Structures are given as C-alpha cells and as structure tokens.
Amino acid sequence: MAAVKGDVGQVKFDDGGSSVNPVLGTREWSMTITKDTQETTVQGDTFKSFVGGLIEGEGSAVLQYDNAASGETATFMDGILTTGDNATAAFELFPDSASGTKKISFTGLITNFEQGSALGDISTINITFKPSGTITSAI
C-alpha cells in the first residue's frame, strides 16, 4: 500500500454546479460522512440491532488568504455571503490531485467562514460546507 502525502490533495468548486475548477491556496480539507441509525431491537432480544438511515456530511477547507484571489477561489471564499442558496454548488475533494477519479463529490453550500491573522503566521481562511443530496465517494 502506497501512502499519499497530504500536500497533493485538492479542492475543486463551482458555485453554478457545472464545471469545477481548483480552489487555489488550499492548505487542507476534511470531510465527515455520517449515517443515522434506527434501533430494531424487540423484546426478548439479548443484543440491540439497528438499520441504517439517512446519510449526511459536513466538510471544511483551510486556505491561505490571498487578497488578489479571483475566479472560483474568490467565489469559494465569498460563498457564505449568498442568501437563499439552493445548495447547487459543485464540490470535489481529492486526496491526491494526480488521480482525477479518486474523489468525494457532491452539491451543497458554504455554511461558515472564518478568517484569522496571527503574529508570525500567514493569514488563513477556514470554510465549512454541507452537502445537500447524494454524496459520491470514489476514494
């Protein structure tokens, strides 16, 4: 098994939901996918039993702040400012940007934006996003 270094990951985004482009300056991304469970245990059972339910996810990305950012990078950073968002933005998360097929993809919306600046460090932006509908994982 070959290890994949974190520095080759990539985030792609398109606010229109059609043709995704790389978000430049990405330092890291993460994605959590969870499934609801419903208990099916009945009286007399010794152990609990469950069935799977609805699936949801939430992710985040950290970017280096670039005051000259443009294109999808700027749109990704400004996504929190959209009201009445229909959650149609396209997201693709790659653990290895050299592999165009190994990715998590979904449509969703930006839910949180946090910018910080610290002495002795670069300014960063933390963005949180939430899928709406199907999450496809080809990792």
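Student: Where is the place of T73?

Tutor: T73 sits in helix α1. Keep in mind that this is a predicted model.

Student: What makes T73 buried?

Tutor: Its relative accessible area is 6%. Buried means under 20%. T73 is therefore buried.

Student: How far is T73 from S49, by C-alpha atoms?

Tutor: Their C-alpha atoms are separated by 45 Å. Along the chain the two residues are 24 apart.

Student: Why is A87 called buried?

Tutor: The relative accessible area of A87 is 9%. The cut-off is under 20%, so A87 is buried.

Student: Let us turn to the rings. How many aromatic pairs are there?

Tutor: The count is 7 aromatic pairs.

Student: Why is the pair of F76 and F129 called tilted?

Tutor: The ring centres are 6.4 Å apart, and the limit is within 6.5 Å, so the rings pair. The planes stand at 50 degrees. Stacked needs under 30 degrees and edge-to-face needs over 60, so this pair is tilted.

Student: What does the pair of F76 and F129 tie together?

Tutor: F76 lies in helix α1 (residues 71-78), and F129 lies in strand β7 (residues 124-137). The pair therefore ties together parts that are 53 residues apart in sequence.

Student: Are F76 and F129 buried or exposed?

Tutor: Both F76 and F129 are buried.

Student: Which residues do ring pairs link into a cluster?

Tutor: The cluster holds F13, F76, F91, F106 and F129.

Student: Which residues touch the most other members of the largest nonpolar core?

Tutor: They are F76, F91, F106, I127 and F129, in a core of 18 residues. Elements giving two or more residues to this core are β1 (10-14), β4 (50-64), α1, β5 (89-94), β6 (104-116) and β7. β7 gives the most, with 4 residues.

Student: How do you know that β5 is largely enclosed by the rest of the structure?

Tutor: Count its buried residues. In β5, 6 of the 6 residues are buried, so the strand is largely enclosed. A89, F91 and L93 point one way, while A90, E92 and F94 point the other way. In a regular strand the side chains alternate between the two faces of the sheet.

Student: What makes β5 and β1 a pair?

Tutor: Two strands pair with at least two bridges, and β1 and β5 have 5, so they pair. They run antiparallel. Q10 stands opposite F94 in β5. V11 has L93 as its bridge partner there.

Student: How many bridges join β5 to β6?

Tutor: There are 5 bridges, and the two strands run antiparallel. A90 has T107 in β6 as its bridge partner.

Student: What makes β1 mostly covered?

Tutor: In β1, 4 of its 5 residues are buried.

Student: How do β1 and β2 pair?

Tutor: They pair in the antiparallel sense over 2 bridges. At least two are needed, so this pairing qualifies. F13 stands opposite N21 in β2. The two strands form a hairpin with 6 residues between them. G17 in the turn has a positive phi of about 80 degrees.

Student: What is the order of the strands in the open sheet?

Tutor: The 7 strands follow the order β2-β1-β5-β6-β7-β4-β3, with antiparallel pairing.

Student: Why is one side of β2 and of β3 left without a neighbour in the sheet?

Tutor: β2 (21-22) and β3 (26-39) stand at the edges. Each has a single partner strand, so one side of each is left without a neighbour in the sheet.

Student: How many bridges join β6 to β7?

Tutor: 11 bridges join them, and they run antiparallel. I104 has S137 in β7 as its bridge partner.

Student: How much space lies in the largest pocket?

Tutor: About 150 Å³. Its lining includes F13, D15, T75, D78 and A89. β6 gives the most to that lining, with 3 residues.

Student: What classes of residue does the lining of the largest pocket have?

Tutor: It has 4 nonpolar, 5 polar and 3 charged residues.

How values were computed:
Residues numbered from 1 in each chain as written. Predicted model: local features only at pLDDT ≥ 70, side-chain atom pairs only at ≥ 80, totals over all residues. Heavy atoms only, no water. Phe/Tyr/Trp six-rings, centres within 6.5 Å; stacked < 30°, edge-to-face > 60°. Buried < 20%, exposed > 50% of the residue type's maximum accessible area, 1.4 Å probe, protein only. Core = buried A, V, L, I, M, F, W, Y, C linked by side-chain atoms within 4.5 Å. 1 Å grid on protein atoms, 1.4 Å probe; cavity = no way out; pocket = protein on both sides within 12 Å on 5 of 7 lines; lining within 4 Å. Points joined across faces, edges and corners; volume = space filled by probe spheres on them. Nonpolar A, V, L, I, M, F, W, Y, C, P; charged D, E, K, R; others polar.
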